[in-house]
Amino acid sequence: MRKKVDERIRTLIDNGVKTRHRSLFIIIGDKSRDQIVNLHYMLSKAVLKARPSVLWCYKKELELSSHKKKRAKQVKKLMMRGLFDPEKVDPFSLFVESGGITYCKYNESEKVLGNTFGMCILQDVHERYRTESHSEAAGRFNERFLLSIASCRACVVVDDELNILPISSHIRTITPIPVEEDCEGLSEAERSLKNLKEDLNEDFPVGPLIKKCCTLDQGKAVISFLDAILDKALRSTVALLAARGRGKSAALGLAVAGAVAAGYSNIFVTAPSPDNLKTLFDFIRKGFDSLEYKVEFVFEHTDYDVIKSSNPEFKKATVRINIFKQHRQTIQVGPSFSILPCRVHEAVYIQPNEHEKLSQVELLVIDEAAAIPLPIVKSLLGPYLVFISSTVNGYEGTGRSLSLKLLQQLEEQSQMSKNSDSSFSGRLFKKIELTESIRYGSGDPIESWLNGLLCLDVANYIPNISRLPPPGDCDLYYVNRDTLFSYHKDSELFLQRMMALFVASHYKNSPNDLQLMADAPAHHLFVLLGPVDESKNHLPDILCVVQVCLEGEISSDSAKISLRDGRSPHGDQIPWKFCQQFLDTNFPTLSGARIVRIASHPSAMRLGYGSAAVKLLTRYYEGQLTSIVESDEEDINEQPTSGTGEKVSLVK
């Protein structure tokens, strides 16, 4: 029986296509897979240009295999169970067989990073954290996720017949959005980019290279890089900062291709790992194509050739590009390859800790600098042209320390050099920021929702503290996780501030850490606060945040089995380490608390607040401090039911 689809669903899809914004559909029901076909069909009609490609992500097993023979066996089993009628055409089977679907397990998601798909399907999205002594995991992460859906105006929750559920009440008033386009169907931003490309069409090498740019921001960034390259003063530092998906690595790759065309002799490239340079080297080759550099593997004449790594750890990443068009030039990846002084032109990848190899460098490119420890980044800088790119939000390595410290210092030094009356000219510094996304339009509601849900954009949640109290006047508070992850306005602000301290404190974070904080029964959160004035209706400043994991209380039998089998179950790191190293099966039976992470406010570092938090935490677990909770039966596992935090120490 055919059923008319709610026009609001079509409107949401059409509006997303017009504005280049993403839409999120959450389908609930046993037959939810059948509606994937219908949504893809509606998207195909709205896009018009081409059939949208599909990325299907799953955890363990697909409901219907993508392999033809395996799918036939699965269909046979479904027929035996009466769940499949061979006489009827199954739209979902036709959809799977039609091709254009890329399948990827969650633990293999790195394989598809950097690719663009028209539709993404996610299944099996939650994992729980259990240990032997803490087996009951809470579902706070999922609860907060469901509560957040109502705040995302581009998200719709439907059943398996595409009926809109009441949680999506915000879609009641959705209307078609008119898009301002010119006679050629271009938006204002697209028209500006086209005009820029036409204006620079005759300029070399910027003209051919800028044709590869997808946004106006990216085009201006490439122009800024090429201005510094063509200046050839070798005393500039250009920093490119942006959120994910803005085309930073692509802009760097095009700039390196321009540097080769400009005749630079020694170009060095570094990143946390050669894997991080895949996009950069892809766009170096695209830049070469635009500059009419030809690569041939059969004929004798070649302008350049590409060599892949034989190191299995590098996963066949590009390790060298030899260029022969004008004279010998080399773009090289991998510290295992020696730097030969006889080469006229050379661009080399070095590991971040190999800064001693920068003796004859002319251009140094540091991609994803935020994921490299700050002292190493500083040691890489020198009397040569430096390009730095960094992700300014998300879970990228050392967080905000790069932009808060290093770039601020470079900017101050550059300003002092400009104001100096001496004949000596110091280093110049320029900062470029990209705001336009490559894959979707500005103001994408899914991006802002994800940033809030996963605490990706927490840099602005670190408040300035005008007055720091003495560490001895501070108190330690136990955070109620039920309240913290309740998606209440004040709870969200407090959570964002807590995560901001972790991200800003050199921790390598991931969304899994947020889920660990929310759901793991053995994990608990504490914050160090100054004297709280309860008469003022605002959240107190967090001076230090501590994440603690309770470990131990493992049965002796489990310890013996683990020692015999040579394996360590998930969690309880310290007990299992001691058990393995000292062959002691009694130690895991003890209980203890391990500090997983501790972070201080950037304005309160090295002032004793972290030490004060550890001392109060130690006294608390030693039983020297008394909880202000009146019930004598209240313990750390029975969390308070109100307030963002409950006081667990008394002011001395």
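The secondary structure of this protein comes to 19 helices and 19 strands, where helices (H or I, at least four residues) and strands (E, at least two) are DSSP runs numbered from the N terminus. Keep in mind that this is a predicted model: local features need pLDDT of at least 70, side-chain atom pairs count only at pLDDT 80 or more, and totals for chains, interfaces and linings use all residues. Residues are numbered from 1 along each chain as its sequence is written, and side-chain values use heavy atoms, with hydrogens and water left out.

Some overall figures, then. Of the 652 residues, 47% count as buried; buried means under 20% relative accessible area, exposed over 50%, and partly exposed in between (1.4 Å probe, protein chains only). The accessible surface comes to about 34,500 Å², and 51% of that belongs to carbon and sulfur atoms; areas come from the Shrake-Rupley method with a 1.4 Å probe, and for residues only the protein chains shown count as cover. As for contacts (heavy atoms within 4.5 Å), residues 24 or more positions apart account for 69% of those with a separation of 6 or more.

Now for the open sheet of three strands, which has the order β3-β2-β4 with parallel pairing; two strands pair if DSSP finds at least two bridges between them. Since β3 (101–105) and β4 (119–122) stand at the edges, each with a single partner strand, one side of each is left without a neighbour in the sheet. On average, neighbouring strands here are turned by 20 degrees against each other, direction ignored. Helix α2 (residues 32–47) packs on this sheet, touching β2 and β4, and its direction makes about 165 degrees with that of β4. Axes are lines fitted to C-alpha atoms (for helices over the stretch in contact), with angles running from 0 to 180 degrees between N-to-C directions. Strand β2 (residues 54–58) is joined to β3 by five bridges, and Tyr58 has Lys105 as its bridge partner in β3.

Next, look at β7 (residues 266–270), where five of five residues are buried. In a regular strand the side chains alternate between the two faces of the sheet. Here Asn266, Phe268 and Thr270 point one way, while Ile267 and Val269 point the other way. Strand β7 runs parallel to β12 (residues 363–366), with four bridges between them; Ile267 is partnered by Leu363.

Strand β16 (residues 523–529) has seven of its seven residues buried, so it is largely enclosed by the rest of the structure. His523, Leu525, Val527 and Leu529 lie on one side, with His524, Phe526 and Leu528 on the other. This strand is antiparallel to β15 (residues 475–479), through four bridges, with Asp475 facing Leu529 as bridge partner. It also pairs with β17 (residues 542–552) in the antiparallel sense over seven bridges, one of which links Leu525 to Gln547.

Phe526 leads on to the aromatics: together with Tyr478, Tyr620 and Tyr621 it forms one cluster. Rings of Phe, Tyr and Trp (its six-membered ring) pair if their centres lie within 6.5 Å; planes under 30 degrees apart count as stacked, over 60 as edge-to-face and the rest as tilted. By that rule there are 10 aromatic pairs. Tyr620 and Tyr621 have ring centres 5.4 Å apart and planes at 75 degrees, so that pair is edge-to-face. Tyr620 counts as buried at 16% relative accessibility, whereas Tyr621 is partly exposed at 33%.
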